[in-house]
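Have a look at the model first, then read on.

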Amino acid sequence: MGGGSWGTALAIVLSRARRKHEISLWVHDPALAESIQRDRENRSYLPGHRLAPEVSATCKIHDAISGAQILVGAIPTAHARAIYSAAAASASPGSILVSAAKGLEPATHKRMSEVVPEVFPAKPRFAALSGPSFAAEVARGEPTAVVLASSDAALASELQEEFAAPNFRVYANEDVLGVELAGAMKNVIAIAAGACQGLGLGSNPLAALITRGLAEMSRLAVALGAQPETLTGLAGLGDLVVTCTGALSRNRQVGIELGKGRALSEILAGMRMVAEGVGTTTALLALAREAKVELPITEQVAAILHQGKPPREAIRDIMDRPQKRE
């Protein structure tokens, strides 16, 4: 479910999996669905990567998921509840839902593992897929390692086998909370990293930002019940590094443009794909207030995004905070 770059890349990698699958790609836009089905390529979101014969595209959600054993949600978190609600009646009893989203529902601050049981009467078995995985690199077949988390260890092991493909390595994890929170939080830090580049800053501030960003992510995740090791794994440190440094990072690109002085509304108007960190920042701060956890970097990113604070001023305020022990 989701015909953006990540959903398309997952369809491609699943068509290469060691276990054979019949894959249906649900796309919201009828014209795009028709184009993908005809041209065997998603020219709008992932051009240059052909889809295998095992993959079919449709704009009809019932046709896409009726009878499916595994549902993969690769949709922006802001739209997930509406799309899952539309899909719920067609889901098969006993189906599995794998969420590949990296963010929180902006209106409720909920994770996808909390949203899914609220809208699916049949309560599908749930897993979260995350880790350092740019869609274009996955589609090209570049070596990629991800983490697949489920509170059901047997399900995680089963899904490892379903998703495993050449150059696509899947690690199992039982900490769904930690994997989902890490995927959401790293996007916010990546906006800050991009702002540093947009300001023309060098490697020292970027290294400090990634390090202190990871500390910030860990504080909140552990306070909410996550395992510390998850934050130093693929979903945490791995995804943080690639999102803060990689040229394909949408959140980093938003930060770069903010650092150059462009307005957020102008930046977002020129983007086809969603930068999840923009909508997640406020949700994370709400969770942090409830848990009484300080998130200084996230606070400054929120001020830049939603209050028009100049990025250079935000950096100065972080540097002027009282000295502390590491």
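A cavity here is a set of grid points, taken over the protein atoms alone, where a 1.4 Å probe fits but cannot get out, and its lining residues have an atom within 4 Å of a point. Keep in mind that this is a predicted model. With that rule, three cavities of 30 Å³ or more turn up.

**Second largest cavity**
- Val13, Arg16, Val138, Gly141, Glu142, Pro166, Asn167 and Phe168 make up the lining of the second largest cavity.
- Its volume is about 40 Å³.
- Sorted by class, that lining has four nonpolar, two polar and two charged residues.

**Largest cavity**
- The largest cavity comes in at about 70 Å³.
- Among its lining residues are Ser99, Lys102, Met112, Phe126, Leu129, Val179 and Glu180.
- β7 (125-130) and α8 (176-198) each put at least two residues into this lining, and β7 gives the most, with four residues.

**The α14/α15 pair**
- Helix α14 (residues 276-291) and helix α15 (residues 296-307) have axes that come within 9 Å and cross at roughly 130°.
- The two helices are therefore oblique to each other, and their crossing is left-handed.
- On the α14 side, Gly277, Val278, Thr281, Thr282, Leu284 and Leu285 do the touching, while α15 brings Thr298, Glu299, Val301, Ala302, Leu305 and His306.
- That contact counts six nonpolar, five polar and one charged residues.

Technical notes:
Residues are numbered from 1 along each chain as its sequence is written. This is a predicted model: local features need pLDDT of at least 70, side-chain atom pairs count only at pLDDT 80 or more; totals for chains, interfaces and linings use all residues. Side-chain values use heavy atoms; hydrogens and water are left out. Axes are lines fitted to C-alpha atoms, for helices over the stretch in contact, and angles run from 0 to 180 degrees between N-to-C directions. Angles under 35 degrees count as roughly parallel, over 145 as roughly antiparallel, 65 to 115 as roughly perpendicular and the rest as oblique. A crossing is left-handed if the near helix is turned anticlockwise from the far one by less than a right angle, and right-handed if clockwise. Contact means heavy atoms within 4.5 Å. Ala, Val, Leu, Ile, Met, Phe, Trp, Tyr, Cys and Pro count as nonpolar, Asp, Glu, Lys and Arg as charged, and the others, Gly among them, as polar. On a 1 Å grid over the protein atoms alone, a cavity is a set of points where a 1.4 Å probe fits but cannot get out, and a pocket is an open set with protein on both sides within 12 Å along at least five of seven lines; lining residues have an atom within 4 Å of a point. Grid points are joined across faces, edges and corners, and a volume is the space filled by probe spheres set on the points.
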